[in-house]
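Hi everyone, thanks for coming. Let's take a few minutes to look at some surface features together.

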Amino acid sequence: MTKTINQIQLRGFIGNISEQITTDKSSFYTMSISTKRGKNTDWHKVIIFNGDDVVHAGNFKPGVGDYVRIEGELSYRNREIKDA
C-alpha cells in the first residue's frame with residue numbers, strides 16, 4: 001500500500017488584513033493570499049488554525065502587501081449558495 005502526504009507550500013502576498021475569529025472551541029485567522037501564474041493573479045483563502053501559537057512565537061503581525069510563506073495541509077469544503 002502506498003502512503004500519501006497532504007502537504008502544501010504557498011508563497012504570495014497578503015491581499016487583505018487577516019481577521020482573528022474566536023469560538024468557544026478554537027481561535028483562527030483568515031486571510032487572502034495572491035499568487036501569480038504568468039499574467040494571471042490567483043487568490044487563495046487561507047485559514048490558520050492555532051493562530052495564537054503562530055502570532056506569539058514569531059511576533060506575526062500580518063498586513064496588506066506582506067510577503068508570506070505558508071506550509072500546511074490542503075483541504076476543501078463544499079459551500080451551498082442559496083438564491084436570494
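Let me start with a term: a salt bridge is a side-chain nitrogen of Lys or Arg within 4 Å of a carboxyl oxygen of Asp or Glu. As background, this is a predicted model, where local features need pLDDT of at least 70 and side-chain atom pairs 80 or more, while totals for chains, interfaces and linings use all residues. Residues are numbered from 1 along each chain as its sequence is written, and side-chain values use heavy atoms, leaving out hydrogens and water.

In one, D42 and R37 meet, at 2.6 Å from N to O. In another, R69 pairs with E71, with the closest N and O atoms 3.3 Å apart. R69 is exposed, at 53% relative accessible area, and E71 is partly exposed at 44% (buried is under 20%, exposed over 50%, partly exposed in between, with a 1.4 Å probe and protein chains only).

Now the largest pocket, at about 990 Å³. A pocket here is an open set of points on a 1 Å grid over the protein atoms alone, where a 1.4 Å probe fits, with protein on both sides within 12 Å along at least five of seven lines; lining residues have an atom within 4 Å of a point. The volume is the space filled by probe spheres set on the points. There are 22 lining residues, with K45, V46, I47, E73 and L74 nearest the centre.

And L74, please keep an eye on that one: L74 is partly exposed, at 38%.
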